[in-house]
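Please read this report alongside the sequence and the model shown below.

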Amino acid sequence: MYAQMVKSTGSGAKSREEMTPDEAAFQDKIDADIKIEPRDWMPEGYRKTLIRQIGQHAHSEIVGQLPEGNWITRAPTLERKAILLAKVQDEAGHGLYLYSAAETLGITRDEMTEQLLDGRAKYSSIFNYPTLNWADIGAVGWLVDGAAIMNQVPLQRTSYGPYSRAMIRICKEESFHQRQGYDIVMKMAQGSPEQRKMAQDALNRLWYPSLMMFGPSDKDSVHSAQSMAWKIKINTNDELRQKFVDQTVPQAEFLGLTIPDENLKWNEEKGGYDFSEPDWGEFFDVLKGNGPCNQDRMATRNKAWDDGAWVREGLMAHAEKKRAAKLAAQQAAE
Amino acid sequence: MGAAEKLAEMTQEQLVQYLLRLGDNTLVLGHRVSEWCGKSPVLEEDIALANTALDLLGQTQLWLGRAADVQGEGKSADDLAFLRDVWDFRNVLLVELPNGDFGQTLMRQLLFDAYHAVLLAELVNSTDATISAIAEKASKEVAYHLERSRDTVIGLGDGTEESHNRMQAALDLLWPYVGEMFHSDAVDAAAVAAGIGPDPASLRPGFDAIVTAALAEATLVKPDSDFAHKGGRTGAMHTEHLGHMLCQMQWLQRAYPGNKW
Amino acid sequence: MSQEWPLWEIFIRGQHGLSHRHVGSLHAPDAEMAIKNARDVYTRRNEGVSIWVVEAKHISATAPGEKGPLFEPSESKVYRHPSFFDIPEEAGHM
């Protein structure tokens, strides 16, 4: 997902007997669906895992601006340009909300930014894939936002108050993102032969990377078990992936587009589709930095941050001068 | 006053030109500002710049939509935005200049916002009800753009030595593009006669008041020369930059003519 | 690394006459810019008619450990709620 393979600290969920009284009281609150707030006591592992997870989620929003931003200047109509710009702007906003949530855990946004820029922190693998034709902008909304929403909707109930509140706001704002994406793909699937070709091409390239967004199967992962006990992860990766496939296949059929999977078949017994796993070797390559766009994405973010340093410093220096002048005026008046 | 009566003072073609000047300014500047999306110095600025670009895009749809209506050839705002070549564009040169660094973008924004604000304040009184209504809506948006660009230019001008130097360089670079906004020609004269809009020259004192005060607070020095590049609002000679911008902006519409998006 | 812009807490009053409500945080060099940033970040969907900003470090808050003494005593004051009283229907709306 936007936060993939977040490792919790330690070796997995503790049993009740192993817990200290503080830890037991903490787990009781979580089990009773009482939100954890910034100043409440929390296990160090919970705090660290959350910083990592929320940070990764925030970074994904920020880097996620780039593949779609790639088409803002080439959007084919004024209305499409406005919609796309508003959507990519929303992503900046969502990054901001999430950074703010993480900041309540005792880390600054600048620290998190540095971690992203020097490669210590990760972001979702999906944003290391290119957007090559206009239908990709539709497919990103339809598939990528569609996959993200699968994860984000349950996260509104996550145990950490500020994270939960950020997710509620994000989900509210995101509701138009997937629809606008589907709307683009629909127009193209019903359009000229070239447009249909673009739409199918986008689906072909983005289908498996979208499935990878949920991360490899984690049914045996101790990290996931701990995160689920803490309610900072609500569903397993496989559950969400299955739900996504089941939702998306009929949508593709409606458009007359073909999902690039020969093994895709309805399974009456399980009440869902059977489908091919993505190439997990490719997934780990992308995580290691070898995706098609890793270098470009990081170079763009680094350049934006470095080029902006004088602006951030300049505006801060002016604010400090103003504050000092105001103070001096007050003192002179006394 | 209906379109027919206005023709007495202003030809249909002149009115179209007038509206294109308004719409092309917002189209081209909105496009330039949107180029910052995802690349600004800080998240809050990224979001703010996108808001400015969105306002300008919205104004473009109204101005070009009106231009297409007056033209009466069954075209849409999109047709005008995506299917005209460089020589048909009527924006001032200032807005088509590349973004440069963040300081240059914000300096350009201040110079245009100051002009835009005083212009819209006059257009609110236009005898053309549509123009007046668009100006009414846009003037609120632009009042905020101006507040924000002015504060940012002041902050950066008065900030650190580096930010000050960069802002002064931006001002020196852009100042020769200010004069064009206040040039008048036959289209403007006709607009004045028809009560459609103001004489551009009459907007200069209002512009100077805003910009002089802002630059003083920003500790920046207005260049001595009043030399002014021109050719944008008449279409006689744009910069080389506009063609490249249109290559990107119009590519899909040009490559796949007649497709619906 | 240069000095980070301070963190501000943002409160917005919506359209319907309700009180200002905490909506989130952001960074800004000073209060004036914090208000502008709040306008751009937190009212993109017509959410507000008034903005308050407070630098985060100036907010004082109750300590989580005091939750019991602070808030539990009011739980037993059930008579403060209108539902405590049974008024016969014949008495009409009250």
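## A helix pair in chain B

The crossing of α6(B) and α7(B) is left-handed, a term used when the near helix is turned anticlockwise from the far one by less than a right angle. In this predicted model, helix α6 (residues 102-123) of chain B packs against helix α7 (residues 129-157) of chain B at an angle of about 145°, their axes being 7 Å apart; axes are lines fitted to C-alpha atoms over the stretch in contact, and angles run from 0 to 180 degrees between N-to-C directions. Helices are DSSP runs (H or I, at least four residues), numbered from the N terminus.

## The interface of chains B and A

Chain B brings 49 residues and chain A 46 residues to the contact, which means heavy atoms within 4.5 Å. About 4,000 Å² is buried between the two chains, with 69% given by carbon and sulfur atoms; this is the accessible area (1.4 Å probe) lost on being put together, summed over both parts.

Two salt bridges, as "2" by the rule, cross this interface, and one joins the side chains of Glu44(B) and Arg109(A) at 2.7 Å, N to O; the rule asks for a side-chain nitrogen of Lys or Arg within 4 Å of a carboxyl oxygen of Asp or Glu. On the side of chain B that touches chain A, α3(B) supplies the largest share, 12 residues.

## Basis of the values

Residues are numbered from 1 along each chain as its sequence is written, while chains are lettered from A and ligands numbered from 1 in the order written. Local features need pLDDT of at least 70, side-chain atom pairs count only at pLDDT 80 or more, and totals for chains, interfaces and linings use all residues, while side-chain values use heavy atoms, without hydrogens and water.

Notes. Helix = DSSP H or I, 4+ residues; strand = E, 2+ residues; numbered from the N terminus.
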